[in-house]
Structure formats: structure tokens, C-alpha cells
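Subject: Structure handover

Hello,

Here is the structure for your files.

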Amino acid sequence: PAAPADGAVDRAASAAALEALRAFLALPEEGRGPIGEAPFAGVALAREDAARARELLVEAHARSVRESRAAEMKEGRLRLGDLEMPFTTKVFGEKPPGGRSMVISMHGGGGAPKAVNDSQWENQKRLYTLEEGVYVVPRAPTDTWNLWHQDHIDPLFDRLIENLIVFEEVDPDRVYIMGYSAGGDGVYQLAPRLADRLAAAAMMAGHPNETSPLGLRNLPFTIHMGGQDAAFGRNQTAAAWETMLAELRAKDPEGYPHQVTIHADKGHWMDREDAVAVPWMMQFRRDPFPKRVVWKQDDVTHDRFYWLALDAADRAAGSEIVATRDGQSIDVASPQVRRVRVLLNDAMADLDLPVEITSAGRPVVTARARRTIGTLARTLAERGDPRSMYDAEVAVELPAAP
């Protein structure tokens, strides 16, 4: 993934790789084979050829999604193994030039009979309105107490976002999640796990259980809680999170944007006073390439978070990585993780120049990261998110903490 520091891109080879990609994408999709195994996938690209390859890949991906997923969108039902997640969508306002916003709104209920959760789903459909955007209300695939933060929710939400980017022209940098009661439990858990997919999150009347707020470093997060909502200690826990977020913000003044509102005279039902969270949340846009990343793995682990990636063998619940970038310099440190892939594009650094990677200030590698079609295609396929594609990557072996 990394070329020698003095290596230069062969422009003829780069141009030939781009033409080979055009020919590849012109073939029927079912007969093409994996793009990562194509001979052109590993050829180093010039900046302009990488930009054009990106456009071609995004266009091809959108065509594929339209053709292969039209039925599930029409039905309003996603499937993952034996599980199904029905969903409804309602569009508000006119589409802005950059694309619509998208709000995923999670219903309450939880460990209750199916009819109760169905009723909560119906209620969530009419609970909030938007000035603009697509209001998406999924029905949880199960009726368990933790219905919104089991490990199948993450890939289902990934697919939902990917579909709406194509079918409703959603702006990937304006995707939000919110939820009430058990749905609020889900926001507490999912927001740190999916922070790199989201622009902001709003938690209403839920409980975080064991989750950590560390992953919210770049995600605006609002909490609304009834001051009298004492069941499971929800009110006290919300106040504790307000303190934790304020302390994190004080230590890292560019991170952890948040707003916590305790509605003093309200119980579990806040008489819709919490609806002010919607415009607060939707004022924000995602930064897909933040200068500082704090990745705290939950018990549901992920393989990518912003511009960091891990192989399956290196994912571990509870592990933490802190990474910062400044021009051509990147620092990645972790007490637990030894191998990390740093994802790069020309919005982050000049890939025609070497990139210096350190760990807690100690030199690790100086390398010139190669732009390749293989990396572009893989990072698009992983998320279906055109705004979080990467041209290059550098595999890094981190030293043990001193």
C-alpha cells in the first residue's frame, strides 16, 4: 500500500489503468469478477486519474444499487439473514442543491410483546416533523429489551443509509439519528459506534447501559430527559453524561459538541418539548475527515472509523485508538492495538509527497501512499458513501506504549 518516498507515479500506466477501469465497468456486472483482483486495481494513479476513477466508481455503484435494491425500497423492508427491518419514509420540503438530509428515528418499546412495539413504531412515525429531509422510521427487527443496539443494527443502518443516498439523493454529510425511550437507548449506543456516518444525534428518554461517550468526539450529541424520569435511573444518568461530556470538552475544546436539557417537571413523556432537539441536531454537517479521531470500540466492533481501519484479527471490544493529522504528519497511538491501516485522500494530505506517521510522537514510517483503484473501490463498497472514499492507505505497525 505504500511506495518508496522517492517513487513517482508512472503517468502512462496510470492513464492505462483508468481506461482499463472504463472497460471493466462497461462489462455486465455479473461477469466482471471482483474489482480488487483486476490487474489495474493496484496500479499507482496520478491525482487527476484518481479523481476520474472516483467519479466512474460512484456512478457504477449508484447504477448497481438502483438495479439490485429497487424491490426492497419499494417494499420498505431490509433483510439480514433471518431478520427483517421494515421501514417507512416521509419526505419534507424541497431538496437542497447538495442533496436531502436524512433522519433515522427509532421507536420505543423494547422487551415487550410484538403488538406493543408495533404500536410504538406507529407512534414514532408521527412524533416528529422536519423542515427539510427524509424522515425514516424503521421497525426494530426483534422485540428484545436491547432491540436497537444488537450487532445486526449497524449493518442494517449502513444499508439503509447507502440506499437513501441513491434513491432519495441524500447528502451523506447530513445523516442524523434520534430515538425515544428504548430508541434513546439505541442512540446512546449507536451514536459512538456510527459517529463517522452521522452529522449529529439526539437522545430522548433513554439509558446508555454500558456504553462510553469517547467516540462522540466529532459528533454533536444532544440529550433530552424528563427530570422526573427515575425508572432505571434515567434522569440521574443523563445528568452524569452531561458532566462527562463537559469534562471531555474541557480537555479537548475542539471536540465533544453537546447540549443536554433536563425538563425538570417532566416524566418519561416530555409532552413533545424534546422536539427542539430536531432543529438543533440538523444545523450540523458531518466532517468525514476530522483532524482528530478517538475510536473506542464497543462490544459490537467495527473495522472502520473515519480514516482508520482494522483487519478482523485486530478488532477488540473496549480497545481505544487516538489519531491526529496535520498536513503530511499523522500520529496514531493505542494501548491495545498494534496494527492499523491509515486511509488517505487528497483532501487530507498531498499524496504526491511523503506522509510521516508517528505513534505518540515516536517515528513509525515515512512513506508515499499510492492512490489506487483498488482502494477507492473497496472503501466505496464498504459504505456506499461517496464522501468517505479513500485513494490510498498505509499499513502501520504500532509500537507498544512506553
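Gln 236 is found in helix H6, residues 234–251. Helices here are DSSP runs of H or I with at least four residues, strands are runs of E with at least two, and both are numbered from the N terminus. Gln 236 counts as exposed because its relative accessibility is 61%. The classes are buried for under 20% relative accessible area, exposed for over 50%, and partly exposed in between, with a 1.4 Å probe and protein chains only. Asn 117 is 119 residues from Gln 236 in sequence. In space the two are 26 Å apart, C-alpha to C-alpha.

A note on the source. This is a predicted model, in which local features need pLDDT of at least 70, side-chain atom pairs count only at pLDDT 80 or more, and totals for chains, interfaces and linings use all residues. Residues are numbered from 1 along each chain as its sequence is written, and side-chain values use heavy atoms, with hydrogens and water left out.

Next, backbone angles. Most residues other than glycine have a negative phi. Asp 271 has a positive phi, near 55°. Asp 271 sits in the loop between strand S9 (258–263) and helix H7 (277–281). With 44% relative accessibility, Asp 271 counts as partly exposed. Tyr 306 also has a positive phi, near 50°. Its loop runs between strand S11 (304–305) and strand S12 (308–309). Tyr 306 counts as buried because its relative accessibility is 3%.

S11 and S12 run antiparallel and are joined by two bridges. Two strands pair if DSSP finds at least two bridges between them. Phe 305 has Leu 308, in S12, as its bridge partner.

Last, the packing. The largest nonpolar core has 73 residues. Such a core is a set of buried Ala, Val, Leu, Ile, Met, Phe, Trp, Tyr and Cys residues joined through side-chain atoms within 4.5 Å. Phe 221 and Trp 307 have the most contacts inside the largest core. Helix H4 (residues 153–167) gives the most to this core, with seven residues.

Best wishes
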